[in-house]
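Student: I would like a close look at the charged side-chain pairs here and at the elements that surround them. Please take the pairs one by one, and then turn to the helices and the sheet.

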Amino acid sequence: MRISVVRPSDLGATEIGRWRALQSSDPDLANPFLAPEFTLGVGRFRREGPGRTNVLVAVVEDAGEIVAFFPFERGPLGIGHPVGFGLTDLQGLIAPPGLALNARALLRACGLAVWDFDHLLAAQRTFAAHHTVRRSEPVMDLGAGFAAFEEEMRRAAPKTHKTIRYKERKLGREVGDVRYVFASDDPEDLRRLMDWKSDQYNRTGRTDRFARAWIVALVEHFHRTGFGVLSVLWAGDEPVSAHFGLRNEGVMAGWFPAYDTRFGKYSPGMIGHLRLAEGCPLNGISEIAMGRGGKEFKEGFKSREMPIAEGRVARSSAGAGVHWMRTTPLNKARGAVLDNPTLYKRADRVLKTYAKLRGRSR
């Protein structure tokens, strides 16, 4: 095996073509977060330099043929993460399902002391021994068309489906005719979504991702290039909710949903998500990966689940020791909250209370 490490921008047409061919070897690799466009985009807009995170790709060759790509971020002390860590809902090697590399040897070649992951494809053999927790991500299967999906949803989650359709009719009566734009290219629509999302982050005590200039630039780039799909739900002349997802061939990854809180009583996010499911098959998309989190909302929509894993691969080093002390207790606490609906609700209330107090002190 030969492993070379390059910047994403150094990959040529031949390497990108091989990346796409490897993606086609496993349906789960079709997820947009594992597409070359995602790594290329993050590599372009993430700041690099001494003391900063570097976005890199390990190219693994065997007998002169590329057998895997390993996109990663490398920070100080050799601490590594998946590309777009904190923004991505799926991570892993771009490689055939049966490939098993020596994980620590891979880290050594990449100059990493540790590689920390939280949404790894659990089926990948290279990192199987390094899982600490296994979970699952919900997926909406639209392969048989929207009518079949809606019928299954009506059967599996009748209350959720009935409530969404009732509120959709009510929105139309009280605000204006409901319409859905599947793919808006209007920059103002995107700016509005980011404003709504920033407000949500601040209102609920979360970190505002759109306060980071590089993330704003990345999202705008994906919107301009068509790798990102911006969908908007309207009631009359009022935009009430929006969703920005990433698309790779027939797979969409949910990313940034948001809505205007003035219309919160109509559950516009859920209406929009059902309209998104309706629009996807008409636009060649057969699957929506919904990502982890917000479990109650997603339970009514999921068709199946994708196994994912959290964990870390570490070599004996000072950097790995520092990383363990900083992250392991926090990761365990966060995992316990995400896995327990009662704790999740309590934590959500605490964050919202904190956000209100923080707002009053400004």
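Tutor: E150, R165, E168 and R275 are linked in a network of salt bridges, a salt bridge being a side-chain nitrogen of Lys or Arg within 4 Å of a carboxyl oxygen of Asp or Glu. The model is predicted, so that local features need pLDDT of at least 70 and side-chain atom pairs count only at pLDDT 80 or more, while totals for chains, interfaces and linings use all residues. Residues are numbered from 1 along each chain as its sequence is written, and side-chain values use heavy atoms, with hydrogens and water left out.

Across the whole structure, 19 salt bridges are found. In one of them the side chains of R2 and E61 meet at 2.6 Å, N to O, and because R2 belongs to strand β1 and E61 to strand β2, the pair ties together parts that are 59 residues apart in sequence. Helices (H or I, at least four residues) and strands (E, at least two) are DSSP runs numbered from the N terminus. R2 counts as exposed, with 53% relative accessibility, where buried means under 20% relative accessible area, exposed over 50% and partly exposed in between (1.4 Å probe, protein chains only).

A further salt bridge joins E65 to R18, with 3.7 Å between the closest N and O atoms; this pair links distant parts of the chain, since E65 sits in strand β3 and R18 in helix α1 (residues 13-23), 47 residues apart. E65 is partly exposed, at a relative accessible area of 43%, and R18 also counts as partly exposed, at 24% relative accessibility.

D189 is buried, its relative accessible area being 7%, whereas R192 is partly exposed at 23%.

Helix α6 (residues 187-203) also packs against another helix: its axis and that of α7 (residues 213-225) come within 11 Å and cross at roughly 145°, with axes fitted to C-alpha atoms, for helices over the stretch in contact, and angles running from 0 to 180 degrees between N-to-C directions. P187, L190, R191 and M194 of α6 make the contact with V216, V219, E220 and H223 of α7, contact meaning heavy atoms within 4.5 Å.

As for the strands, 12 of them form an open sheet of mixed pairing in the order β1-β2-β3-β4-β5-β12-β6-β11-β10-β9-β8-β7; two strands pair if DSSP finds at least two bridges between them. At the edges are β1 (2-6) and β7 (178-181), each of which pairs on one side only, and neighbouring strands of this sheet are turned by 30° against each other on average, direction ignored. Inside this order, β6 (residues 131-141) and β11 (residues 287-289) pair in the antiparallel sense over three bridges, and the bridge partner of D141 in β11 is E287.

Two helices lie across strands named above. Helix α2 (residues 36-45) lies across β2 (54-62), β3 (65-74), β9 (238-248) and β10 (251-259), and runs at about 140° to β2. Helix α3 (residues 103-110), for its part, lies across β1, β2, β3, β5 (114-121) and β12 (304-314), running at about 65° to β12.
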